[in-house]
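Student: I am new to this structure. Please show me how to read it, one feature at a time.

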Amino acid sequence: MVSLLPNLSSPISRLRLLWRPSIHLTFKATSKLQLHNKAVKPQLFKSFSAYCSTSASNVQTQNQILGENENLVVLGIETSCDDTAAAVVNSNGEILSQVISSQVPYIIKAELLARYGGVAPKMAEEAHALVIDQVVQEALDKANLTEKDLTAVAVTIGPGLSLCLRIGVRKARSVASSHNLPLVGVHHMEAHTLVARLVERELQFPFMALLVSGGHNLLILARDLGDYIQLGTTIDDAIGEAYDKTAKWLGLDLRRSGGPAVEELAQEGDAKSVKFKVPMKQHKDCNFSYAGLKTQVRLAIEAKRINAGISLASASDEERQARADIAASFQRVAVLHLEEKCERAIEWGLNIEPSINHLVVSGGVASNKYVRARLDEVVKRKGLKLVCPPPSLCTDNGVMVAWTGLEHFRLGRFDPPPPANEPEDAVLDLRPRWPLGEEYAEGKSEARSMRTARMHPSLTSLIKASIKQESQSAI
């Protein structure tokens, strides 16, 4: 977000999301929530720190807020990578609308995947800019609402590609400024985590979460809203990246992205025909590595002289079987790596929070049926329950952003409306490298600890610092 006040210059202060305009919430006979703003100096939300404990009273207080504010309606905007998405969600957990870009961005995405096996940030930015206005308007239209019916606007501010994040943040600020709406900056990976609480209403803190996508592999212990412990992450490539590269090298159709293409082909193959090594077997931590497995796959493809220039449909029966065997063998080992790390992370998590009952698996790769089935076996062995959002909410979407924004808004964590006529060259608070939680001491990786340049302090550390600052100022 743009720094609005002169004393909000530090990294901690700029995150705060604690400043709120003097807003009085009143309910009319129509039960529509009305926002009335007074031209007074913004004040800190005095009861903020009370809502950030992990006590049972916190859950009770949150339920009371839910009951009192039944009509909160939040617009969520997501542009962290190559999907332009918007959605409207209310505090009853109803998805009033969900829109994800198609047509031009889809064509560009398919072309990029086919040509490069990944996303080109500049082209993705241009694709977002082409459709962001249309996507947001369609989300409002499908919800049968206008901006005046909204309570707040939530938008992903990181992690992600800076050029892409900028498009969504500018649009969110424009809507919030034009209609005097509070603004909530959302952490992309927290949104993937919390959307599970939208679909599984019994999911309470604490719980475990595995977040798997093209850019992320993350194992966390979610202790409370905004309070996360990072048990493991990738030291190089994420599993989604490995799927995409494998699909490209096997000459598969990438119009649906690499993951679904490999998963489908793997059903035809022998998963034990190619002896790939499971990564990091010697490391007794919860971190991931897929760079070495990618190399093993590439070498196996070269050894079998598979020509990626020949489409799967045009390949001979023998070559198709060879590709299927590699796909199946890759998938088995890639997911076995997830299983082993998840099993250890659950043990660590239960030592920290014995009341854990659930493992949430979310992110684009969580749409994979094989991944879900294998991880379901892991959680059953540990006496937990697996929670997976539906595939439409696993990939990047506006629903998860709106819901996460709503959860934080209820606790007073939001910014006031941006100033009118904000200049186009205003400096925006974008966080392309933004950890979600604090690293667990036993899970720290020396290889990864060297890669901290230009990394923003974690969401958890910033919220804790804000709570401490708020507590001290109240004394």
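Student: Which residues touch the most other members of the largest nonpolar core?

Tutor: General idea: a nonpolar core is a set of buried Ala, Val, Leu, Ile, Met, Phe, Trp, Tyr and Cys residues joined through side-chain atoms within 4.5 Å. Buried means under 20% relative accessible area, exposed over 50%, partly exposed in between (1.4 Å probe, protein chains only). Here the largest core has 70 residues, and Leu75, Ile77, Val88, Val153 and Tyr228 touch the most other members. Helix H13 (residues 398-409) gives the most to this core: seven residues. Helices (H or I, at least four residues) and strands (E, at least two) are DSSP runs, numbered from the N terminus. Another core, of 58 residues, lies apart from it and includes Ala242 and Val378.

Student: What kind of model is this?

Tutor: This is a predicted model; local features need pLDDT of at least 70, side-chain atom pairs count only at pLDDT 80 or more, and totals for chains, interfaces and linings use all residues. Residues are numbered from 1 along each chain as its sequence is written, and side-chain values use heavy atoms, with hydrogens and water left out.

Student: How many bridges pair S5 with strand S6?

Tutor: General idea: two strands pair if DSSP finds at least two bridges between them. S5 (residues 73-78) pairs with S6 (residues 85-90) over six bridges, in the antiparallel sense. A hairpin of six residues joins S5 to S6. S5 also pairs with S8 (residues 152-158), in the parallel sense, over four bridges. There, Leu75 has Val153 as its bridge partner.

Student: Are the faces of S5 covered or exposed?

Tutor: Both faces are covered. Val73, Leu75 and Ile77 are buried on one side, and Val74, Gly76 and Glu78 on the other.

Student: Where does Ala176 lie, and what does it touch?

Tutor: Ala176 lies in helix H5 (residues 162-178). Ala176 is buried, with a relative accessible area of 0%. Contact means heavy atoms within 4.5 Å. Leaving out residues up to four places away in sequence, Ala176 touches Val153, Leu181, Leu183, Pro417 and Pro418.

Student: How do I read two packed helices?

Tutor: They are described by the angle between their axes and the distance between the axes. Axes are lines fitted to C-alpha atoms, for helices over the stretch in contact, and angles run from 0 to 180 degrees between N-to-C directions. H10 (residues 317-352) and H11 (residues 369-381) pack at about 30°, with axes 10 Å apart. H10 and H11 are therefore roughly parallel, a word for angles under 35 degrees.

Key
Angles under 35 degrees count as roughly parallel, over 145 as roughly antiparallel, 65 to 115 as roughly perpendicular and the rest as oblique.
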